[in-house]
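Good morning, and thank you for coming.

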Amino acid sequence: MWIDYSNCLKFVSEKEIAHGQKNAKTQLEHLLSGKGKGNDFLGWITLPEDSALLTARINKTAERLRSQAAISVVVGIGGSYLGSKAVIEALSDPFAKAQHQVLFAGHHLSESYHSKLISLLEGKAFNIIVISKSGTTTEPALAFRLLKDLLTENLGKNNISSHIVAITDSSRGALREMADREGYESYIIPDNIGGRYSVLTPVGLLPVATAGFNINSLIEGAAEIAAVTRDNNNPLTNPALSYAALRNILLQKGYSVEMLVNYEPGLHYLAEWWKQLFGESEGKDGKGIFPASASLTTDLHSLGQYIQDGQRFIFETVLSVNNTDEKVLIPFDQADTDKLNYIAGKSLSEVNKKAEEGTIMAHVDGGVPVIRIELRELKEHAIGELMYFFEISCAVSGYVLGVNPFDQPGVEAYKTNMFRLLGKEGY
């Protein structure tokens, strides 16, 4: 992958970028030395090396889960599901029936959703991958209770333990206690890794492997970009330093909303994961860039009007996929009623790429700075590169901004009110 910021030079000078890159380099050094804020949550930095030691066991567990049921349900919220959901969606055929279906629950409190999920699973063998450090977070804890009860009804109390895998704290918490008592296979969420940085731990890797994708290649991609970002303090060749610097320079100039844009529908949930990563890491102390997303060209027929002509506080980061395995050629039509013969013989990818280039030109002309990140392809290696790149960039960007990118004090506010309204003791 590589980053192109030439479409920001109308809005930001080379001198400003150089100064920002120098500051970002200093913040990267603080991150790696452990001198920055939140330095007790830096375990994710070495995950490309650390997680490579776990892949054999994770793949074995995934194979067992696939062999004993056709469906696995991942129970988690926030970073406990978004990372794996992003990878699975990016790599899946949207129209093919998966050999093993991976579903998600516990990421909201919708009765309709969970009712329909229970109806789907009634009378069937299925697996549960439950992910929670504490085991008491409301949304996943409720979903796990419902699904465990259904699994017991379907298979009998003595037959469910092999169908449940817990990913939780090493020594404490309700889920750890339950896993030890009831004999679930378990994996550890390291104490020094927060949920939104956990995609390369078993939290993300086990669901991805269970869905049938190559986690070894995912980790290799992360390791490759780590050499270019984490292990490289040269601002001229480290794309994470350029990205972190540009984001903060643009924020200072009044561009307070970053829109992550894709031209491939499979990247929709990658954007959802990115929004949590940056929103939860930087949105505090009255600071931060608001992370938004758009799927183009679809949203050019809705949000496109605002992006082009609305208030000038948006900048874009475009995820550009260079190669696709498939090729669909546009046929020639003798009547040419739709006036499309001028592109007959071209592939849809060619047309999509020109739409991307034309949109970037229009948005820049309309006052929208554009950063472009190019991926070679939508495969495990490239996705691993991109996700680790964003993690390093986010940590550095948070330090440039002057916040702790590893805490989330505001997340607890709604819970206090909800617990009081529900009548929980002590609230």
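Two strands are taken to pair if DSSP finds at least two bridges between them; strands (E, at least two residues) and helices (H or I, at least four residues) are DSSP runs, numbered from the N terminus. This is a predicted model, in which local features need pLDDT of at least 70 and side-chain atom pairs count only at pLDDT 80 or more, while totals for chains, interfaces and linings use all residues. Residues are numbered from 1 along each chain as its sequence is written, and side-chain values use heavy atoms, with hydrogens and water left out.

Let me begin with the sheet. Strand β7, residues 257–262, runs parallel to β8, and 6 bridges join the two. Within this pairing, Glu258 has Pro291 of β8 as its bridge partner. The whole sheet is open and has 5 strands in the order β1-β10-β9-β7-β8, with mixed pairing. Because β1 (2–4) and β8 (290–295) each have a single partner strand, they stand at the edges, and one side of each is left without a neighbour in the sheet. From one strand to the next, the twist averages 20°.

Which strands does helix α11 touch? Helix α11, residues 268–282, packs on the sheet against β7, β8 and β9 (314–321), and its direction makes about 175° with that of β8. Contact here means heavy atoms within 4.5 Å. Angles run from 0 to 180 degrees between N-to-C directions, and axes are lines fitted to C-alpha atoms, for helices over the stretch in contact. Helix α14, residues 380–401, lies across β7, β9 and β10 (370–375), running at about 145° to β10.

Helix α14 also meets helix α9, residues 215–228: their axes come within 6 Å and cross at roughly 45°. That makes α9 oblique to α14, the class left once angles under 35 degrees (roughly parallel), over 145 (roughly antiparallel) and 65 to 115 (roughly perpendicular) are set aside. Among the residues in this contact are Leu218 and Ile225 of α9, and Ile383 and Phe389 of α14.

Finally, the backbone. Most residues other than glycine have a negative phi, and most peptide bonds are trans. The peptide bond from Leu296 to Thr297 is cis, with omega near 15°; Thr297 lies in the loop between β8 and α12 (304–309). Asp336, although not a glycine, has a positive phi of about 50°, and its place is in the loop between β9 and α13 (348–365).
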